[in-house]
Amino acid sequence: MRKDKGYILPFLKEDLNPEKHQNRIESMTALINRMLREVATKAEIEKKITTHIARHSFASLAWANSRDIKAVSQALGHTSVRMTENYLRDLSGSEQDALLDTTFEGF
């Protein structure tokens, strides 16, 4: 686990004023989402793919594989386990299994 809590991506520097910083995050998120749409199109994936969906998918997969809510919470950078529970609250065991099956259908 990283200890410095800084950004992994070099184009998000913390030396901007808060408004410019937020604008930069939004711009980069929009760019990444456009790229994800291109990847989905090339991969013939018809479902919508965004950074938000990817984050929730990661949380669901990490939880399904580890059942360690604290580790998942830390991986997501959440300040509390409760926040992570909110990500996962609507996914019971059988619903998670169905989600994983449909997510990896055809692989």
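**Notebook: the core and its surroundings**

I looked up the largest nonpolar core first, and it consists of six residues: Ala59, Ala62, Trp63, Val72, Leu76 and Leu88. By nonpolar core I mean a set of buried Ala, Val, Leu, Ile, Met, Phe, Trp, Tyr and Cys residues joined through side-chain atoms within 4.5 Å. Helix 2 (51–66) and helix 3 (69–76) each supply at least two residues of this core, and helix 2 gives the most, with three. Helices here are DSSP runs of H or I with at least four residues, and strands are E runs of at least two, numbered from the N terminus.

A note on my source: this is a predicted model, where local features need pLDDT of at least 70, side-chain atom pairs count only at pLDDT 80 or more, and totals for chains, interfaces and linings use all residues. Residues are numbered from 1 along each chain as its sequence is written, and side-chain values use heavy atoms, with hydrogens and water left out.

Next I checked Val72. Setting aside neighbours within four places in sequence, Val72 is in contact (heavy atoms within 4.5 Å) with Ala59, Ala62, Trp63, Ser66 and Thr84.

Is Thr84 buried or exposed? Thr84 is buried, because its relative accessible area is 0%; buried means under 20%, exposed over 50%, and partly exposed in between, with a 1.4 Å probe and protein chains only.

Last, I looked at the whole chain. The protein chain has five helices and zero strands, and buried residues make up 16% of its 107 residues.
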